[in-house]
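Please keep the sequence and the structure in view while reading.

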Amino acid sequence: MGNAYKDTMNLPNTDFAMRGNLPENEPKRLEKWENERIYWRVLEKNKDGEPFVLHDGPPYANGPIHIGHAFNKILKDFVNKSHAQRGYFTPYVPGWDCHGQPIEHMIEESLGTEKFRETPQPEVRRLCREWAEKYVGVQREGFKRLGVNADWEHPYLTFIPNYEAGNVEIFKKMYLDGAIYRGRKPIHWCSHCHTALAEAEIEYGDETSPAIFVRFEMTTVPEGLEAYEGRLDVAIWTTTPWTLPADDAVILHPTELYVAVEHDGRAYIMAEALAEKLIEKFGWGDAKVVEGFKASGTELAGNKYKLPIFPDEGQDGVFIYADYVTMEDGTGIVHTAPGHGVDDYLAGMKFGVPVIMPVDDDGRFYEGEGLGFGGPFSGMEVNEANPVIIEWLRERGMLILHEDISHSYPHCWRCHEPVIFRATSQWFVSMDDTGLRQSASKAIENDVEWIPAWASNRIGAMVADRPDWCISRQRSWGVPIPVFTCDKCGETVATEATFDAVIDLFYKEGADAWFTKTPADYLPADTCCPKCGAGVADLNPEKDILDVWWESGVSHTSVCRHRESEGLHFPAEMYLEGSDQHRGWFQSSLLTSVGAYGVPPYKSVMHCGFTVDENGEKMSKSKGNGVDPAEVMGKFGADVLRLWVSSVDYSQDVSISDNILKQVSDAYRKFRNSLRFVLGNLDDFDDSKCVATWDELEPVDKYMMAKTYALLKSVEESYDKYKFNAVYRECYDFVNELSSVYLDVTKDRLYSEAPDSPRRRAAQSVLMNILEVLVRILAPILSFTCDEVWESYPPKLRDREGRADNVQLAGWPTRDDFAPALPADDGAADLARFATAMDVRDVVTKSLEDARAEKFINKSQEAAVVISAPADVLETIEGLGAQVFEELLIVSGVEFAAGDEVSAKVLKASGEKCPRCWNYRVLGGNANHPAVCERCGDALDAIGFEEAK
């Protein structure tokens with residue numbers, strides 16, 4: 001008979017599978033979305049909505065996507081979809097950074113260095129373009145697999161003509177305004193990559209360097225040291241011995257005091273604050289401070305000394321001063337080569353100290369004697385020369401002490417080799433000549449929302465302290481600096497007319513034309529040198545290319561402005577990239593936009609941290625701790641990866657590993673199984689069966705409806721604040737309570753009541769509201785799964801008139817969508833009242849667990865409970881009624897009693913076990929069905945079930 005009754009139950013029925021089989025099914029859904037043109041249909045639906053443009057920062061087109069790429073793109077998809085779901089117009093054009101040294105380096109490696117150098121520049125550029133196009137395709141497929149909505153058919157690429165022309169438009173404006181200049185000053189130079197580097201292209205790592213103390217022989221004698229004429233030295237300190245061939249000054253602190261220390265018949269000038277420490281360090285036991293001499297750095301300025309490497313060149317080094325000299329290390333006097341350091345260069349400029357540059361592009365000393373050459377170190381690589389220079393000084397009695405120190409040192413971000421400072425002729429953006437620094441700082445503080453807010457301090461400090469921006473690079477693959485040099489007199493030729501001609505050329509033919517045409521082919525015929533009058537035939541195009549950070553930085557013009565007809569606009573609502581972009585793309589975009597237009601290119605900037613392993617360590621091939629997003633999706637599916645992204649605090653570095661993903665996969669199953677249960681129990685439900693009024697709901701139903709609306713409001717607020725981990729936590733906690741409480745306690749109602757029972761329809765009405773909310777608010781995160789849920793709605797709900805065929809077109813739930821309608825207080829009173837019942841449930845559940853552990857009962861239905869409670873609690877729970885608590889506690893009987901505290905006594909349930917619903921009741925209340933309880937008998941009558949004769 002039990003089996004017969006089983007067939008009379010309202011058991012769940014849905015085609016939404018328990019196992020998602022995401023790795024196999026997600027690609028099919030991607031194909032469906034592509035066929036549906038879902039990205040374009042969402043834009044069409046929201047075309048009259050408020051625009052929200054998230055401008056994509058371009059990843060570098062070199063290799064497959066890594067987990068950091070996936071993390072970044074999924075976050076952007078959350079931003080876009082959470083806005084689109086709420087009706088915003090969200091065009092999203094993905095982009096790729098296609099120029100630059102890494103691709104050029106890959107071509108050099110594939111051809112071999114000798115063949116690469118022999119290959120014509122247009123051919124090198126063609127090979128670089130093909131390489132970039134290949135990996136744009138590879139990465140595009142990787143990003144699409146993540147479920148990211150975008151205009152994948154029309155991305156922006158930094159090598160297309162329209163984009164390249166935008167570079168010249170910004171260069172023209174800033175050059176003609178006086179913000180761009182050509183100058184010879186020290187810049188970071190990578191000898192391995194043969195190019196200048198901007199600060200954004202530098203990474204710092206520890207290096208061991210030789211620190212040496214050296215004596216330079218004085219040629220002038222400060223007042224008070226006349227007795228030491230011919231026996232007087234200045235003691236200097238440096239950690240770069242290889243810069244000594246370029247020495248032509250020493251720097252002191254302007255206000256610190258300096259003394260002379262006598263040792264072995266000679267006097268050595270050094271800082272008073274360090275004298276005692278240095279005497280001990282040098283092992284000068286007989287040394288003493290010379291009496292009658294003490295002077296500040298300012299007072300000593302102008303004194304002279306013999307140059308250490310080239311003492312007989314007829315030029316002496318000079319004493320100057322600068323505030324950056326410290327009294328922490330060294331002698332308080334620093335050897336200075338203005339060509340090898342920005343601070344030294346700036347200090348030297350104030351005193352008219354010439355810049356000497358004896359080092360070539362390969363990081364080797366020029367061969368030759370005298371200043372500007374390597375002299376005894378000719379042809380040597382600078383780091384190889386260090387020990388040779390130290391020994392050379394030792395042999396001549398100039399070396400006081402040599403020791404090795406470990407310190408932070410700049411490295412090239414591409415090849416990771418140490419860089420050098422080297423004065424070369426480069427193109428720069430001035431930070432101060434046109435007030436760019438001040439304007440950019442003001443924009444950071446007043447015009448941009450930084451997410452998180454503290455990021456404004458970070459980028460603000462970087463802009464405040466940065467040097468002029470070196471924007472020229474000595475490479476082939478990029479956008480050329482759009483100026484010309486007169487072959488007759490060397491004058492730079494750059495006018496509004498020449499810029500416009502180049503802009504027109506690039507729009508029509510792209511930057512490749514710069515390398516295949518002559519200026520006479522495209523410049524106005526009357527173009528001439530403003531200095532000597534030479535004509536267009538005597539003009540040579542600049543050979544250097546623009547910094548890739550400049551290139552990506554002008555995307556606000558080459559994309560947002562150039563593609564306004566596609567719905568983009570300037571400034572964009574948001575830029576979102578990794579935290580390292582405060583000194584990279586965020587900053588280059590800011591400087592070029594403020595420099596050209598006076599306003600920032602974005603209204604808000606959101607950054608994300610880096611991906612690290614479960615131990616917090618940086619991922620690397622050598623450690624073998626990397627996580628490949630393709631492998632993750634092949635094992636878990638993209639929705640599990642997306643759920644992981646939603647679960648973390650993206651503003652910090654985030655951990656990911658197989659173990660972490662397994663935990664996220666468990667959470668995914670919780671969401672999936674709960675949604676499946678809801679779908680299964682709505683199989684026979686449609687809008688006509690929904691209860692009409694709030695009062696037709698049971699107390700637990702009202703509680704869950706109020707919780708659902710509270711969830712909706714909370715999640716919307718979290719999406720507004722881009723707190724995706726809060727969205728995850730709120731939804732997970734809700735689903736956890738839904739599963740462990742509401743779905744559990746209403747199961748008896750849903751399965752056992754008559755199909756059209758008001759109590760069953762009340763529960764189904766609640767489930768319908770929960771489903772309509774969850775599927776929409778989770779769609780930005782679990783895009784694949786929510787679309788599958790949407791397709792798996794029961795037939796009558798699927799066939800609603802006007803229903804969207806994709807959840808991404810379904811819009812955002814509102815208060816007015818709830819059925820039955822919420823009361824004026826949104827169910828707050830019911831929520832508060834039932835919260836008391838939930839507190840009581842916690843106490844009773846513990847007592848039931850104890851009874852089960854003691855083998856007093858097996859299942860909770862075998863129990864009846866007596867709940868004791870203080871008067872205020874008792875009044876509330878009695879008002880709810882025993883039947884409410886029988887359902888809430890899944891027991892067969894409940895009584896209430898007064899008590900000092902909430903407690904529960906577990907008794908054996910009276911009555912017999914109903915073979916249909918398994919509750920303990922008085923059987924036979926319905927004469928047609930004497931073997932079951934009265935409720936089940938009535939249900940059997942309702943469905944026309946006849947007992948076997």
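A polar contact here is a pair of N or O atoms within 3.5 Å, where one atom must be able to donate a hydrogen and the other to accept it. At the start of α12, a side-chain oxygen of glutamate 381 comes to within 3.0 Å of the backbone nitrogen of asparagine 383. The model is predicted, and the points below are grouped by topic.

**Helix α12**

- Helix α12 covers residues 382-395, which makes 14 residues.
- At 1.5 Å a residue α12 should span 20 Å, and its end C-alpha atoms are 20 Å apart, so the two values agree.
- The buried residues of α12 are Val382, Ala385, Asn386, Ile389, Ile390, Trp392 and Leu393.
- Strands β6 (202-217), β16 (399-412) and β17 (420-429) are among the elements that cover these buried residues of α12.
- Just after α12 comes glycine 397, with a positive phi of about 70°.

**The second largest pocket**

- The second largest pocket holds about 1500 Å³ of space.
- Its lining is made up of 49 residues, and Gly341, Val342, Asp343, Asp344 and Phe421 lie nearest the centre of the pocket.
- By class, the lining has 22 nonpolar, 16 polar and 11 charged residues.
- At least two lining residues come from each of β4 (180-190), β7 (232-238), β15 (333-336), α11 (342-351), β16, β17 and β19 (469-470).
- Helix α11 gives the most to this lining, with 5 residues.

**Helix α30**

- Helix α30 (residues 828-853) has 26 residues.
- From first C-alpha to last, α30 reaches 37 Å, close to the 38 Å expected at 1.5 Å a residue.
- Asp830, Phe834, Ala837, Met838, Val840, Arg841, Val844, Ser847, Leu848 and Ala851 are the buried residues of α30.
- These buried residues pack against α24, α25 (724-745), β29 (863-869), α31 (871-880), α32 (882-889) and β31 (903-908).
- Lysine 855 follows α30 and has a positive phi, near 65°.

**Aspartate 701**

- Aspartate 701 lies in helix α24 (residues 699-720), one of the elements that the buried residues of α30 pack against.
- Aspartate 701 counts as buried because its relative accessibility is 0%, and the cut-off for buried is under 20%.
- Beyond four places in sequence, aspartate 701 is in contact with Tyr742, Thr746, Arg749, Ala762, Ala763 and Val766.

**Glutamate 573**

- Glutamate 573 belongs to strand β25 (residues 572-578).
- With a relative accessible area of 11%, glutamate 573 is buried.
- The side chains of glutamate 573 and histidine 569 are joined by a polar contact of 2.7 Å.
- Residues up to four places away in sequence aside, glutamate 573 touches Pro51, Phe52, Val53, Lys603 and Ser604.

**Lysine 913**

- Lysine 913 is part of strand β32 (residues 912-913).
- Its relative accessible area is 42%, so lysine 913 is partly exposed.
- Apart from neighbours within four places in sequence, lysine 913 is in contact with Trp918, Asn919, Tyr920 and Leu923.
- Lysine 913 and tyrosine 258 are 655 residues apart along the chain, and their C-alpha atoms are separated by 101 Å.

How values were computed. Residues are numbered from 1 along each chain as its sequence is written. This is a predicted model: local features need pLDDT of at least 70, side-chain atom pairs count only at pLDDT 80 or more; totals for chains, interfaces and linings use all residues. Side-chain values use heavy atoms; hydrogens and water are left out. Helices (H or I, at least four residues) and strands (E, at least two) are DSSP runs, numbered from the N terminus. Buried means under 20% relative accessible area, exposed over 50%, partly exposed in between (1.4 Å probe, protein chains only). Contact means heavy atoms within 4.5 Å. The expected span of a helix is 1.5 Å times one less than its number of residues. On a 1 Å grid over the protein atoms alone, a cavity is a set of points where a 1.4 Å probe fits but cannot get out, and a pocket is an open set with protein on both sides within 12 Å along at least five of seven lines; lining residues have an atom within 4 Å of a point. Grid points are joined across faces, edges and corners, and a volume is the space filled by probe spheres set on the points. Ala, Val, Leu, Ile, Met, Phe, Trp, Tyr, Cys and Pro count as nonpolar, Asp, Glu, Lys and Arg as charged, and the others, Gly among them, as polar.
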